[in-house]
Protein chains: 4
Amino acid sequence: MNSSEQKNTAILLISCPDRKGIDTALTRFVSEHEGNILHFDQHVDLQQNVFFMRIEWDLAGFTVPAEQIHAHMAPLALDFNMTWQLFFSRDVQRMALFVSKMPHCLFDVLARVEAGEWRVEIPLIISNHETLRPLAERFNLPFYCIPVNAQNKEEQEQKQLELLREHRVDFVVLARYMQILSPLLIEAYPRRIINIHHSFLPAFPGARPYHLAYARGVKLIGATSHYVTEELDAGPIIEQGTIHVSHKDTVDDFIRKGRDLEKTVLGHAVWAHLQHKIITYHNKTVILD
Amino acid sequence: MNSSEQKNTAILLISCPDRKGIDTALTRFVSEHEGNILHFDQHVDLQQNVFFMRIEWDLAGFTVPAEQIHAHMAPLALDFNMTWQLFFSRDVQRMALFVSKMPHCLFDVLARVEAGEWRVEIPLIISNHETLRPLAERFNLPFYCIPVNAQNKEEQEQKQLELLREHRVDFVVLARYMQILSPLLIEAYPRRIINIHHSFLPAFPGARPYHLAYARGVKLIGATSHYVTEELDAGPIIEQGTIHVSHKDTVDDFIRKGRDLEKTVLGHAVWAHLQHKIITYHNKTVILD
Amino acid sequence: MNSSEQKNTAILLISCPDRKGIDTALTRFVSEHEGNILHFDQHVDLQQNVFFMRIEWDLAGFTVPAEQIHAHMAPLALDFNMTWQLFFSRDVQRMALFVSKMPHCLFDVLARVEAGEWRVEIPLIISNHETLRPLAERFNLPFYCIPVNAQNKEEQEQKQLELLREHRVDFVVLARYMQILSPLLIEAYPRRIINIHHSFLPAFPGARPYHLAYARGVKLIGATSHYVTEELDAGPIIEQGTIHVSHKDTVDDFIRKGRDLEKTVLGHAVWAHLQHKIITYHNKTVILD
Amino acid sequence: MNSSEQKNTAILLISCPDRKGIDTALTRFVSEHEGNILHFDQHVDLQQNVFFMRIEWDLAGFTVPAEQIHAHMAPLALDFNMTWQLFFSRDVQRMALFVSKMPHCLFDVLARVEAGEWRVEIPLIISNHETLRPLAERFNLPFYCIPVNAQNKEEQEQKQLELLREHRVDFVVLARYMQILSPLLIEAYPRRIINIHHSFLPAFPGARPYHLAYARGVKLIGATSHYVTEELDAGPIIEQGTIHVSHKDTVDDFIRKGRDLEKTVLGHAVWAHLQHKIITYHNKTVILD
């Protein structure tokens, strides 16, 4: 069982120009109203002079009602010129899945959700192929097959976007979806589309990274989870992993061994996103505890 | 797709006292009958003076019919005092799964089978709890709930054994089955029961290893897959893995992070077993390519 | 070059019963006196209800003179019932090295110091063998050979202790020193003696862990750096690492491969100690950034 | 102590078009002459149809005198169209070191040699800076400072080459030598110049990889050891490693943490080269046991 299911907490994610006294102001805000801080993590990028913070506190006993926290924070946020977001652990996020033909990441995501490892709802699965419909049906999840090609891309993505909006999707996970998204979708869900790419980026972006890795004769293969931006495989990296390979491994072995890495790396990234641990800036991520 | 599905190969696994000329004799046996060797790996334990070999060759063009290979090998095996096993890649192995309440390893195993990553049949799932029956049913797999306690252990294990025999099971995977097997079962499937233990053995054998690891203040957690022997968590180790943890991780974090490790480590171990890559001796494993 | 050489900072390490408002009080203490916080990290052990913090700030512009910080902090510390330590980055710590016959850890430590990776002075090296004297001399470091055996242990450790005091040693690194320290030394330098043990503890404590690991047939070997306490190899763990091994690796291979791990793990641990990042409690470490 | 110091073995490294019966022919060659095979490893690249083998046997009792092995092998090699090399473990290889200003890899290499971990002679160290001369002198090693710039590159490399020849150098290790070698040197020591590059290639080739990695926001840093070819950082990869980094790590932290990785990865690569385990083909390495 996931302890987050039972938590009733508020989470603040903040970034702002670094200045003396921010920590004090924020921790005071919580403690003045009798909030019990459960997690507090901050980071300062001394090069860019940017301050980042994640603070999570128990709402039990907090003297400001949840719906008024936003208003109470606003003056402080203005004062420090903050970019900020407020989340509540009791809100269940709605995650859309995009897939193509390969089932391993989809299976792994569904298993985590089913097992209660993640607290999330999956209102729909979208694919450009029919292949994984039976799997979706077995989990009683709506499956929309929207084939995309060079000619129909714009109109099909429009359909995808309408589905996402209709199902009030909070964020999207590309679980080995083998299509490049156009700006239409990316701009609709900025920093809210998570991709898993099967290489240690920035090496081997684009198609067939295992084949390219094999051709190059690397001794490691990797996987990278990142937020999708307009430049292919170049968005802010959330998590990466590698494993050793040797001359004995064929491309098929790379693919087989890589699957476990893809599942694990994607799993970590979605977990961090779900826990509201990630702030992006300058095409990077800060992942606070 | 799994290339092993299309292969039609023979696999010899051999161990014997080390002696000059074994390699020659064995490779000659294959090449004399026009066998094309696809994999050949050997190992010599110089301390114990034991020779190990795995040889896999294409049956296409091999001049000895598959059913006569055994007879042809026998004199050679006798000559070198070999312990040997002959397998055919076209034979589909039958794997029983034992589970308790936790679904993550079961899910992962079923996903691999469904996705064609492993070439194996699952004739039945046995559990001491009803918890995972719905999951088994979703995959249309027979599920037997056989509750075990101190009083009924002997008779219940007898039932389990009958089920395994009835379903002609080749090997057993304990996918987080939280019961200790008695010699009855272990002796019926020697070196053919694979367990996943959630620690880097030999540290933290037995119950609640994540709790013990947390209490000790380790900076790593691990998982170990091994063949089950009569001594608890002390059988031949097939695969191990670790990941870093820190003071920030609670026992719940250990459990959450450890799940990915358990899935991966168990997956590697079962793969090696399915490919007939493992020879055991002196409570160790030799894993040949 | 090490940027810490140029820093002029104060570092506070604090642990105390968790209570609302500690963060606020501490960050306010620094910011009220115009201190620019460079690093701030905290941790709460929710199970034990203990609060931990490390705060490092630039002394440039700080309105409290360095020598008065202690007095200024005292009332706050008393108020929150803190266990606390104050360090200054400009103070160069004095590290004694204990070695036996194996040179790899000693070499690695000396190389780091020489290269300016660590800001530390080495007033002396103590050994129970003459073996490494030439190496010490090459680095112009005083080398004391104090052979220890069951009979003379007490008096020899007394000599060691006198040397440590005479040379005003701040902490001790056992760089593969193959003797068990008695309480005399351990109590004189509590949580200030760092050992490197060549296994993933708690597995294989004591002598010859690589041999034991080989006999057990593990697929991983490890190294652990910990503070020395009276129970052998059971003190608070600072850092651990593992690498994969296979049936092909002999005990000699374990030893050879393990050396790199020992060097790296010990290096990380000493770095964290030198940066005043480590707080110990309940036989564990909290390592703050 | 290194067991290889005491061995008296012959090592054959072979590659040739794959054909039935090669293994048999080679193992028979050794066993017919009473050679005791200590290591035997082979690999077949099924895609390219190339066979690779390393065989090491004890010369004690081998009926062909060492100086006649070459002649005895020749007909067999011709028959199978082999590319082959014969080595003797008693021959001590001569390794030249090229360095610039950073000492950590040089120190680590010298420590390994001093400690007897590697059986090798270092006839000279070449640098484009005077910085590390004192370190070379402390180890009593000849140090040649040959400053290289765009104008004098050709003539200075000519001098380097003359020194290498004069000192009968077998292979070269670039221990963080920050100059690009021209074809003159590379062609003189084909597949015998080992470089350590401080990134997981093919990502971040060329200058300042840690800075590029930081700018990209990666969550891993790496190191790669490879044979030098004319294309910069694109030669056959021998060994790679990675470690996790986070948003907390500055470029200086990348550099500091990377050093340990560079030392370890370079150490593994040189070890494999010294043990005659590496065959190169198609810009890749096969590393046989």
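Q: Starting with A:Ser89, is that residue buried or exposed?
A: A:Ser89 is buried, at 12% relative accessible area. Buried here is under 20% relative accessible area, exposed is over 50%, and partly exposed is in between (1.4 Å probe, protein chains only).

Q: Before I go on, what sort of model is this?
A: It's a predicted model, where local features need pLDDT of at least 70 and side-chain atom pairs count only at pLDDT 80 or more, while totals for chains, interfaces and linings use all residues. Residues are numbered from 1 along each chain as its sequence is written, chains are lettered from A and ligands numbered from 1 in the order in which they are written, and side-chain values use heavy atoms, with hydrogens and water left out.

Q: OK, back to A:Ser89. Where does it lie?
A: In the loop of chain A between strand 4 (83-88) and strand 5 (93-99). Strands are DSSP runs of E with at least two residues, helices are runs of H or I with at least four, and both are numbered from the N terminus.

Q: What does the A:Ser89 side chain reach?
A: The backbone oxygen of A:Lys7, at 3.1 Å. Leaving aside neighbours within four places in sequence, A:Ser89 is in contact (heavy atoms within 4.5 Å) with A:Lys7, A:Asn8, A:Thr9 and A:Arg119.

Q: Switching to charges: how many salt bridges are there over all chains?
A: 64. The rule wants a side-chain nitrogen of Lys or Arg within 4 Å of a carboxyl oxygen of Asp or Glu.

Q: What does A:Glu117 pair with?
A: A:Arg112, with the closest N and O atoms 2.7 Å apart. A:Glu117 is buried at 6% relative accessibility, and A:Arg112 is buried too, at 3%.

Q: Which residues are in the network with that pair?
A: The salt-bridge network links A:Asp108, A:Arg112, A:Glu117, B:Arg259, B:Asp260 and B:Lys263.

Q: And what does A:Arg138 meet in a salt bridge?
A: B:Glu114, at 2.9 Å from N to O. A:Arg138 sits in helix 4 (residues 133-138) of chain A and B:Glu114 in helix 3 (residues 104-114) of chain B, so this pair joins two chains. Both ends are partly exposed: A:Arg138 has 23% relative accessibility, and B:Glu114 has 41%.

Q: Chain C next. What does C:Glu56 bridge to?
A: C:Arg54, at 3.1 Å between the closest N and O atoms. C:Glu56 is buried at 2%, and C:Arg54 is buried at 1%.

Q: Now interfaces. How much area do chain D and chain A bury between them?
A: About 2,800 Å², with 53% of it on carbon and sulfur atoms. That's the accessible area (1.4 Å probe) the two parts lose on being put together, summed over both. On the chain D side, D:Arg216, D:Lys219 and D:His247 lose the most, together 25% of what that side buries.

Q: How many salt bridges are there between chain D and chain A?
A: 0. There are 20 residue pairs in polar contact, though, both residues at pLDDT 80 or more. A polar contact is a pair of N or O atoms within 3.5 Å; within protein, one must be able to donate a hydrogen and the other to accept it, and residues adjacent in sequence count only if both atoms are side-chain atoms.

Q: Which strand of chain D gives the most to the side touching chain A?
A: Strand 12, with 7 residues.

Q: Which residues of helix 7 in chain D are buried?
A: D:Pro209, D:Tyr210, D:Ala213, D:Tyr214 and D:Arg216. Among the elements they pack against are strand 2 (36-45), strand 12 (237-244) and strand 14 (284-287) of chain A.

Q: What follows helix 7 of chain D?
A: D:Gly217, with a positive phi near 75°.

Q: Last one: how much area is buried between chain B and chain D?
A: About 1,500 Å², and carbon and sulfur atoms give 50% of that. B:Lys20, B:Thr24 and B:Phe40 supply 32% of the area chain B buries against chain D, more than any other three residues.
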